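Here is a short tour of one structure, taken a region at a time. Keep the sequence and the view side by side as you read.

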Amino acid sequence: MAKLREYSNQTVIDVEDGGNGIIKPEGRVVFVEGVLPGEVVDVRITRRKRDHAFGVVTERHFDSEDRIEPFCAHFAECGGCTWQYLPYPKQLEYKERFVADVLRRIGGISEPAPLPIIGCDTDRHYRNKLEWSFSPTRWLSPSEIDSGEAVDDRRALGFHVKGRFDRVIDIGTCYLQPDPSNAIRTAAREIALRHDYSFHDPREHSGLLRGLTVRTTRDGEVMVILAIGEQRPDVAESFLHELRDAVPRISSAFYLVNTTQNDDNAPHTVHHAFGTETISERCGPLSLTIHPKSFFQTNSSQAERLYSVVRDWAVADGSQTLLDLYCGIGSIGLFLADRVGRVIGVESVADAVAGARENAQRNGYTNTEFHAGDVRALLTALGRPDIVVIDPPRAGMHPDVVEALIRMRPRQIIYVSCKPATQARDLKRLLSAFYIVRIQPVDMFPQTFHIENVVDLRLAT
Ligand SMILES: C[S@@+](CC[C@H](N)C(=O)[O-])C[C@H]1O[C@@H](n2cnc3c(N)ncnc32)[C@H](O)[C@@H]1O
C-alpha cells in the first residue's frame, strides 16, 4: 500500500461515525468522503496515517439505492450540508447506529441500547443563526475555470469554501435558515455592489465589508450584525438602513468594527443601529433574551426537545439541588428550575453568565445562581448536588472534572453531548461509580454528521 496512490473498483463496506465511507484495499482501512455502503468507487489516496489512510472518489461506478440528488446548487463546494445525498430518514437511521457503535467501541458500553433518535420535523431551514462572509475573491466553479472566460468582478457574499479562508462561495439560495435570511443576503450584496463598497480581503487585510450575521427567532424577529473592517460607522449605519428598506422584517440591527487581521468578531464592541436591542426566543416555558453576541443552541425547536428529555429524566420533587455545568446562558438549568429547589450554573464565558442571570430574572426564577469560571476550578467548591447536568463542548470533560464528579457522588448525572466519542470516553470512567439507565440520541443538525446524545446515569450503591 505504501506506494499505491489509486485504487479502482473498491466496494464501500460501511460508513463510520464521522460520516466517511470505509473501503479496505489490501486489508488496510481507507476513509472516503461522500460514499454509501455498497457503492463501487475508484479512489485516490490524499493522506496516509500509520494504520489507515484518507481518499477521494475519482469515479463512482455503482450507486447505492439510497443515494438521492442533493437539493442545494452549492452542495459540491459548500462544506455546510455534507449529507444531502442521503434521505433524511436514512440519516437518522445511521446516526442512531453511530451512537451505539461509538459507545460500544470507545466506552465499552453495549447496554442499554439507545432509544430511537428524536429527529427534526423539518430537515431544512432549521438554523436560527448564520454568518456570511464578504470576499473580493469569489470561488470559481470548475466549469467557470474551464470556460476560460475572464471574470472581472469577483466580489461575493456567502460561505467560505471548506478549508479555504480566502475563497467564498457566492450563495444564491441557502436552505439552512428560514426567511428572510436569503432575502437579507441578496439585498446586502445588491446594496454593496450598488455603492461599490470594497469587500474585505484576508490576504491584503483591506476592504470595508467583512461579515453579516443573521439571527432569527421562532416568532419572526430578525437581528442583523454587520462587521466592517474600516472605521466607517457612517457607512455601516446607512448600509443597515438601506437593508431594512429592502427587508422591512429586520427588527434589530447592529454593526461592529474589526480592523484586525483576525476574523473573530467576539472581542469587538457591537453598536446599535436601529430597532430592538435584543430579540426573544421561545424555549418551552422560557422566553430567552438574545443579545447580538449571546450563545444559544442554533436549532431552537430541537433545543426545546433536547431540554425536554433532560427535564423528563430528572428525578426531582422540587427539593433538589441541580448543578448545570457548562451552562451557556443557563437555558437547561432554567428549563428545569421549577422542578428543583435550587439551580447552580457554571460557565466560563462571563457574558453568557450575565445572560443566564438576565434570563432567570426575566422568567421569574429566584432559585438560581450562575458562576463565571472554569468547571474544573469551581466544581469542588459547589457542595454535593442531587442532580448534575453536563453539557460540555466537543472535547468533553477534563479528566479532573470526571474524577471530581465521581468523588461528589450525585444521585443522578444527565450527560448531554454534541460529540458521542468524547462522551463515550468520559462515560467509561464514570461507570466506576454510576450506571446507565437510558440513552437518547437527538438530531439537532440534519444534512450533517453531527449528533447530540443524552445519557441518564445513576449512582451505583
Ligand atoms: C455545548 S455548550 C452548552 C451550552 C448550554 N448548556 C446550552 O444548552 O446552550 C458548552 C458551553 O461550555 C462552555 N465551556 C467550555 N469550556 C468550559 C469550561 N472549562 N468551564 C466552564 N464552561 C466551559 C462554553 O462556553 C459553552 O457555553
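Directly after α7, G364 adopts a positive phi of about 75°. Helices and strands here are DSSP runs (H or I of at least four residues for helices, E of at least two for strands), numbered from the N terminus. Please bear in mind that this is a predicted model, in which local features need pLDDT of at least 70, side-chain atom pairs count only at pLDDT 80 or more, and totals for chains, interfaces and linings use all residues. Residue numbers start from 1 along each chain as its sequence is written.

Helix α7 covers residues 350-362, and its end C-alpha atoms are 18 Å apart, in agreement with the 18 Å that its 13 residues should span at 1.5 Å a residue. That expected span is 1.5 Å times one less than the number of residues.

Which residues of α7 are buried? They are A352, V353, G355, A356, N359 and A360. Seen down the axis of α7, these buried residues fall within an arc of 155°, so they line one face of the helix; the arc is that of the directions from the helix axis to the C-beta atoms. A residue is called buried if 20 or more other C-beta atoms lie within 10 Å of its own, exposed if 12 or fewer, and partly exposed in between, with C-beta atoms placed from the backbone. On the face of α7 turned away from the buried side sit the exposed residues A350 and Q361. The cover over the buried residues of α7 includes β15 (286-290), α6, β17 and β18 (368-372).

## Around the ligand

The ligand is surrounded by 19 residues, and the closest are Y326, G328, S348, V375 and D391. A residue counts as near if its C-beta atom, placed from the backbone, lies within 6 Å of the molecule. At least two shell residues come from each of α6 (331-336), β17 (342-347) and α8 (375-378). By type, the shell divides into 11 nonpolar, four polar and four charged residues. In this scheme Ala, Val, Leu, Ile, Met, Phe, Trp, Tyr, Cys and Pro are nonpolar, Asp, Glu, Lys and Arg are charged, and the others, Gly among them, are polar.

## Backbone features to look at

Most residues other than glycine have a negative phi, and most peptide bonds are trans. The table gathers some departures from that pattern.

| Site | Feature | Value |
|---|---|---|
| E111 to P112 | cis peptide bond | omega about -5° |
| D179 to P180 | cis peptide bond | omega near 10° |
| N9 | positive phi | phi near 50° |
| D196 | positive phi | phi about 55° |

P112 lies in the loop between α1 (88-107) and β7 (129-135), while P180 is in the loop between β9 (168-170) and α3. N9 belongs to strand β1 (residues 6-11) and is exposed, with 12 other C-beta atoms within 10 Å. D196, in the loop between α3 and β10 (209-216), is exposed with 8 such atoms within 10 Å.

I191 is part of helix α3 (residues 181-194). I191 is partly exposed, having 19 other C-beta atoms within 10 Å. I191 and F239 are 48 residues apart in sequence, yet their C-alpha atoms are 7.2 Å apart in space.

Finally, six strands form an open sheet with mixed pairing, in the order β1-β5-β6-β4-β3-β2. Its edge strands, β1 and β2 (14-15), each pair on one side only; strands pair if DSSP finds at least two bridges between them. β2 runs antiparallel to β3 (residues 21-23), joined by two bridges, and D14 has I22 of β3 as its bridge partner.

Note on methods: Contact = placed C-beta atoms within 7 Å.
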